[in-house]
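Take a moment to look over the chain as a whole before turning to its parts. This report then goes through a helix, a sheet and some charged pairs.

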Amino acid sequence: MSLWKRISSHVDCEQRMAAYYEEKGLLELRLCLAPWIEDRIMSEQITPNTTDQLERVALKFNEDLQQKLLSTRTASDQALKFRVVELCALIQRISAVELYTHLRSGLQKELQLVTEKSVAATAGQSMPLNPYNMNNTPMVTGYMDPSELLAVSNSCNPPVVQGIGPIHNVQNPGIASPALGMVPPKVELYDVQHQIMQALNDFGNCANALKLLVQNYGYMLNSTSSPNAEAAYRSLIDEKAAIVLTMRRSFMYYETLHELVINELKNWRHQQAQAGNGAPFNEGSLDDIQRCFEMLETFIAHMLAAVKELMRVRLVTEEPELTHLLEQVQNAQKNLVCSAFIVDKQPPQVMKTNTRFAASVRWLIGSQLGIHNNPPTVECIIMSEIQSQRFVTRNTQMDNSSLSGQSSGEIQNASSTMEYQQNNHVFSASFRNMQLKKIKRAEKKGTESVMDEKFALFFYTTTTVNDFQIRVWTLSLPVVVIVHGNQEPQSWATITWDNAFAEIVRDPFMITDRVTWAQLSVALNIKFGSCTGRSLTIDNLDFLYEKLQREERSEYITWNQFCKEPMPDRSFTFWEWFFAIMKLTKDHMLGMWKAGCIMGFINKAKAQDDLLRSVYGIGTFLLRFSDSELGGVTIAYVNENGLVTMLAPWTARDFQVLNLADRIRDLDVLCWLHPSDRNASPVKRDVAFGEFYSKRQEPEPLVLDPVTGYVKSTLHVHVCSNGDNGSTSGTPHHAQESMQLGNGDFGMADFDTITNFENF
């Protein structure tokens, strides 16, 4: 059954693919020449890897297609002749490359749909939970010897699923590039594992045919001349040609499966970057991806052995087609091994010099290929963004001498020998005690600062596979190197933006300079929620959106608006303000924020309006983040005159002396906490904040300590009204800290040395 007939048996698939081909007006062509198109593209001897190769293959396909259409015009069916004339005109209007890539990508989509339907049908038949136990085969563990796996494959005979691989444009095997025309859709990993098993089963049939061919070839060599020798020779040639065709199709299907697994690894790496901003991350899914890599390695290893065995059947002098297939399979195995080398534990993305840090790399081939029996040593250097770009885009040949000059700094303890853990089949190298001692920076241009400069850790090693040497490498997520703590906020702006908006596949470390508010709001919510334990509300995000806007409002937020340009009428940027609030909340108000006691993101005008509308009136209050002071929180409350009073902001320095909850307890003018949830009712102050109060003893009569000669003291806060009877909105009043003598929980204090008792 042709691939298109399989698609036609599913209405949803047929409609989807019909729409795809109709985009270029090729549906009629696909229907008219369905078997020919499938056979012609699936039997390609060369998989285009460069633009020149693609153009040559596309032009040859276009010529063959025109010849096929012209030969069809001799048919007696007048309607068919008319359709052929129209199709000939169509292919003259579309470029050869566009025509070829659209049809080839379409076949890949069809194959994926058919495979998914096949998997779904199998799943409907009570698919076992173990993805390695398919089609009533014996129980197969996730880790087994390749010969055992092939034996299982040979015992099964599932329906043959023909495959076609994507056109690759791989600059470097260490970083996978997307297929030309499409990126494979996301599927469940157990489905991918099932597809690989099916492919192995199918290849088992090819192995059987190859075994028979080798036997017949031996008989022919050992037999004396017979009248049937010529016929037997021709028969062997036909058998070999059929096996070569099957192997080529198996290899193309392998490419599709490899692309699916690489796509899953890309998604995992993207989620790893998002986790750098605090997003949830299932690290355990890497174990499932590794199982796919191991199965693919088994698949390509058997294919390589089969091709080599087939080349020993010498029926003609030269076989360029088979030689090319051998090169393709060898390169595929190399690419598989290289793409399986990743950073599984990222280093800190804001990295301070002379500070210890850790990272680890993992090779997702486990015990395959036996590399773990002689584990290699992994080295690490730090590269600048420009160095990383040169290495990746130019596909620089890697050797120890060239890499020594690529480093942009000096890292201590930058080598580690890989270790294989038998219990979980993890093959990794851990760097537990690295330290960046020196860093070389590039010259800055314009407004660039050291906090904008991105580096990356470059991990590399060399090993031997099948008698040829393979050098593998991988890059970490971008890091910003700092030397002082005050560089941290802007550095986190660089990293947060990169983690949130970087493409999965890119030249290091290219990033867009503007995003939509919808995208940025998600990133800010993830960052703030992971740091403080409570996500932002819609009202919070609306407030932040207004903070980012300028005179010309836009749905897009630029990098400059985010962290470079000061906000209107302020001396600091949006990110500096946001980061300071996040740090203040995490360090001094975490419990109260998580409990919903702090409204936070609300402007003065709305705070006044909400308080004046409160049914409880006088004594109703709320806490909001200061607009004018970095890392400040202020209290707005309804005073005894029914007006709104705004207290001057408190910062982290104040809370180091007396925490926020105790300050609120000291202010008797605060009675009812206005709820942060618009659907809730005000809550009594002590009910809302009681659990956050520190224990405070009742003051005792003035007692002089006979030993030290000091009197114990405690701090209290009160509002300085400055003689006013009320306040207008936006006029700050000061909450003053006063000292009372007596036995409090403030502990012993030497009044001669205290310098932090300031009026606010």
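Which residues of H15 are buried? The buried ones are Gln490, Ser491, Trp492, Ala493, Thr494, Ile495, Thr496, Trp497, Asp498, Asn499, Ala500 and Phe501. Keep in mind that the model is predicted.

**The helix H15**

H15 is mostly covered, with twelve of its 14 residues buried. The helix takes in residues 488-501. Its length can be checked by simple reasoning. At 1.5 Å a residue, H15 should span 20 Å, and its end C-alpha atoms are 20 Å apart, so the two values agree. An α-helix has 3.6 residues a turn, so residues three or four places apart point the same way.

**The whole protein**

Now step back. The protein has 24 helices and 20 strands. It has 760 residues, and 50% of them count as buried. Its accessible surface comes to about 35400 Å². Carbon and sulfur atoms account for 50% of that surface. Among contacts with a separation of 6 or more, 71% are between residues 24 or more positions apart.

**A sheet of four strands**

In what order do the four strands of the open sheet stand? The order is S6-S4-S9-S10, and the pairing is antiparallel. Strand S6 (415-417) and strand S10 (468-475) stand at the edges. Each has a single partner strand, so one side of each is left without a neighbour in the sheet. From one strand to the next, the twist averages 25°.

Look at one pairing in detail. Strand S4 (residues 377-384) and S6 run antiparallel and are joined by three bridges. Here Glu379 stands opposite Ser415 in S6.

**Charged pairs**

Side chains of opposite charge can pair when their charged atoms come close. In this protein the count comes to 25 salt bridges. Three of them are listed here.

| Salt bridge | Closest N to O distance |
|---|---|
| Glu546 and Arg553 | 3.0 Å |
| Lys547 and Asp627 | 2.8 Å |

Which parts of the protein does the pair of Lys547 and Asp627 tie together? Lys547 lies in helix H17 (residues 538-548). Asp627 lies in the loop between strand S14 (620-625) and strand S15 (633-638). The pair therefore ties together parts that are 80 residues apart in sequence.

Lys547 has 14% relative accessibility, so Lys547 counts as buried. Asp627 has a relative accessible area of 12%, so Asp627 is buried too.

Glu546 is another case. At 43% relative accessibility, Glu546 counts as partly exposed. Its salt bridge partner is Arg553.

Definitions and conventions. Residues numbered from 1 in each chain as written. Predicted model: local features only at pLDDT ≥ 70, side-chain atom pairs only at ≥ 80, totals over all residues. Heavy atoms only, no water. Helix = DSSP H or I, 4+ residues; strand = E, 2+ residues; numbered from the N terminus. Expected span 1.5 Å × (residues − 1). Buried < 20%, exposed > 50% of the residue type's maximum accessible area, 1.4 Å probe, protein only. Pairing = 2+ DSSP bridges. Axes fitted to C-alpha atoms, helices over the stretch in contact; angles between N-to-C directions. Contact = heavy atoms within 4.5 Å. Areas by Shrake-Rupley, 256 points an atom, 1.4 Å probe, with all protein chains shown as cover. Salt bridge = Lys/Arg side-chain N within 4 Å of Asp/Glu carboxyl O.
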